[in-house]
Amino acid sequence: MTGSVVSPVLIGRDDEIAVLRAAYERSRAGIPATLLVSGEAGIGKSRLVATAVGDLPGDPLVLSGGCLELGSEGTPYVPFVAVLRDLVRRLGRDRVAALLPPGGAALGDLLPDLGPAPARYGPARLLEEMLTLLGRAAETRPVVVLVEDLHWADASSRELFAYLARNLAGVAVLLVGTVRTGELAAGHPNRRTLAELGRSDAVSRVDLGPLEHRHVAALLAAADGRPPDPARSVRIHRRSGGNPLFVEALSTAGETPPGDLRTLLLARVTDLPDPAREALEAMAVAGAELDDDLVSAVAGGPGRDLGHALGDLTERELVVARENGYAIRHDLIREAVYDALPPPRRRRMHARYAAALAARAAPAGPAAGGTALAEHWTAAGEFARALPAAWHAADRAGRQNAYDEQLHLLELVLEHWPKAPEPARLIGADRTVVLERDGRSPRGCRRAAGGRGARRARR
């Protein structure tokens with residue numbers, strides 16, 4: 001096998017595209033408009049949005065960001081940092097800064113290019129600044145804000161997305177979120193938030209279902225460049241369940257493909273040259289978009305040219321090249337590659353990625369690495385490095401009023417305290433101080449109060 005088959009066109013989604021375009025037209029008229037696009041993994045949510053947004057009238061300014069699988073315990077505001085970076089790249093730093101309040105903006109805590117943030121600010125200020133910034137940017141040109149993988153949103157991003165959905169009025173801004181169904185437990189806070197948003201009149205829903213047989217046949221024809229074999233298209237439709245990603249995997253797996261999807265997806269990478277496979281593994285471990293330098297640091301090492309490897313991966317449609325770097329095309333592929341890594345190799349690659357993140361964050365101070373740095377050092381088993389990273393990131397999260405993240409980081413410190421040599425010396429505080437700070441955090445206080453109430457009820 002030398003490549004994968006990917007359809008050059010979107011098949012069977014005309015009605016869904018019409019819903020997105022109608023929401024966009026409402027937003028251009030100043031009517032609040034948010035769109036949630038949901039469906040199972042591989043069903044084509046991202047492809048639908050990219051196709052529809054790429055053909056909207058009025059030359060909209062499209063700003064996008066994605067949530068990471070760290071989920072509600074992840075680094076705060078991850079997708080909106082990417083949105084801000086996108087806005088600065090498109091409009092220029094000076095023009096964006098001119099749209100922000102003078103004397104320091106809370107958004108500077110998310111993107112240092114916007115200048116130093118105030119030492120302290122209320123929890124609503126950052127939300128209001130993002131709302132105002134998007135509204136002002138839309139005064140001269142419609143804006144589309146796309147947040148991918150909302151099911152993995154950290155608590156702060158979840159709150160900000162909901163705030164924008166409820167308050168974007170009178171401005172030409174369309175807010176779009178993609179959601180993978182079947183990913184969240186019944187009581188998960190992200191699930192509750194998405195359900196609440198779905199009940200709003202300002203929120204439209206697009207629920208992507210499986211493709212019909214005729215659409216699978218058209219998908220195969222578009223990819224192969226010739227009319228499909230009827231018997232083959234029937235088999236692939238049956239086995240794929242109409243899921244476009246599964247159709248692509250099955251279309252290159254021969255006449256007797258194994259039943260396990262993970263095996264099918266891994267079959268697409270078995271013949272990769274070592275540099276390409278290592279680059280793909282590096283992106284799977286990172287779980288995020290990587291630029292050339294980070295791919296090289298994790299996969300290649302100093303002096304190793306990975307240009308051909310990245311080109312091979314993009315040609316095979318395993319990786320997509322974006323403005324700021326490279327990302328694995330689909331989370332199912334990333335999960336399959338990650339799960340197939342032997343644990344010792346996985347730990348080594350987590351350590352390499354954490355070291356690269358630490359080196360990049362060093363000029364901005366010890367807190368700059370954030371939750372991702374602490375998580376990757378933890379996954380690498382490097383607890384002597386994970387604890388100080390988590391401790392400093394917790395302090396920064398507290399300054400940003402990101403209390404869910406702060407509590408998670410403090411609990412990470414406590415959980416792995418016995419695994420690090422001289423932990424008090426590593427973070428500059430003893431365990432009692434960590435426990436006190438954990439208990440004093442607003443989320444920790446609420447949790448403690450709930451626990452006391454539950455104990456009183458049991459009595």
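## Basis of the model

In this predicted model, local features need pLDDT of at least 70, side-chain atom pairs count only at pLDDT 80 or more, and totals for chains, interfaces and linings use all residues. Residues are numbered from 1 along each chain as its sequence is written, and side-chain values use heavy atoms, with hydrogens and water left out.

## Overall make-up

The chain has 22 helices and seven strands. Helices (H or I, at least four residues) and strands (E, at least two) are DSSP runs, numbered from the N terminus. The chain holds 459 residues, of which 50% count as buried. Buried means under 20% relative accessible area, exposed means over 50%, and partly exposed lies in between (1.4 Å probe, protein chains only).

Contact means heavy atoms within 4.5 Å. Among contacts between residues at least 6 apart in sequence, 72% join residues at least 24 apart.

## Helices α8 and α9

Two packed helices are described by the angle between their axes and the distance between the axes. Helix α8 covers residues 213-224 and helix α9 covers residues 230-240; they pack at an angle of about 115°, with their axes 9 Å apart. Axes are lines fitted to C-alpha atoms, for helices over the stretch in contact, and angles run from 0 to 180 degrees between N-to-C directions. The crossing of α8 and α9 is right-handed. A crossing is left-handed if the near helix is turned anticlockwise from the far one by less than a right angle, and right-handed if clockwise.

On the α8 side the contact is made by H213, V216, A217, L220 and D224, and on the α9 side by P230, R232, S233, V234, I236 and H237. By class, this contact of α8 with α9 has six nonpolar, three polar and two charged residues. Ala, Val, Leu, Ile, Met, Phe, Trp, Tyr, Cys and Pro count as nonpolar, Asp, Glu, Lys and Arg as charged, and the others, Gly among them, as polar.

## Helix α15

Helix α15 (residues 331-340) is mostly covered, with seven of its 10 residues buried. Those buried residues are D331, L332, I333, R334, E335, A336 and V337. They pack against the strands β4 (173-180) and β7 (325-328), and against the helices α10 (244-251), α11 (261-267) and α12 (274-286).

## Cavities

Three cavities of 30 Å³ or more are counted. On a 1 Å grid over the protein atoms alone, a cavity is a set of points where a 1.4 Å probe fits but cannot get out, and lining residues have an atom within 4 Å of a point. Grid points are joined across faces, edges and corners, and a volume is the space filled by probe spheres set on the points.

The largest cavity holds about 50 Å³ of space. Its lining consists of L150, A153, R158, F161, N190, T193, L194 and L197. The elements that give two or more residues to this lining are α6 and α7 (189-198), and α7 gives the most, with four residues. By class, the lining of the largest cavity has five nonpolar, two polar and one charged residues.

H151 sits in the loop between β3 (143-148) and α6 (155-167). H151 is buried, with a relative accessible area of 1%. Apart from neighbours within four places in sequence, H151 is in contact with T178, V179, R180, E183, L184 and N190. Y163 belongs to helix α6. Leaving out residues up to four places away in sequence, Y163 touches L127, E128 and L131. The C-alpha atoms of Y163 and E128 are 8.7 Å apart, although 35 residues separate the two along the chain.

T252 is in the loop between α10 and α11, and counts as partly exposed at 22% relative accessibility. From T252 to R268 is 16 residues in sequence and 8.3 Å in space, C-alpha to C-alpha.

## Positive phi values

Most residues other than glycine have a negative phi. Y77 is not a glycine, yet has a positive phi of about 65°. Y77 lies in the loop between β2 (61-66) and α3 (78-91) and counts as buried at 2% relative accessibility.

N401, also a residue other than glycine, has a positive phi near 60°. N401 is found in the loop between α18 (383-399) and α19 (403-416), and is buried with a relative accessible area of 13%.

Technical notes:
1 Å grid on protein atoms, 1.4 Å probe; cavity = no way out; pocket = protein on both sides within 12 Å on 5 of 7 lines; lining within 4 Å.
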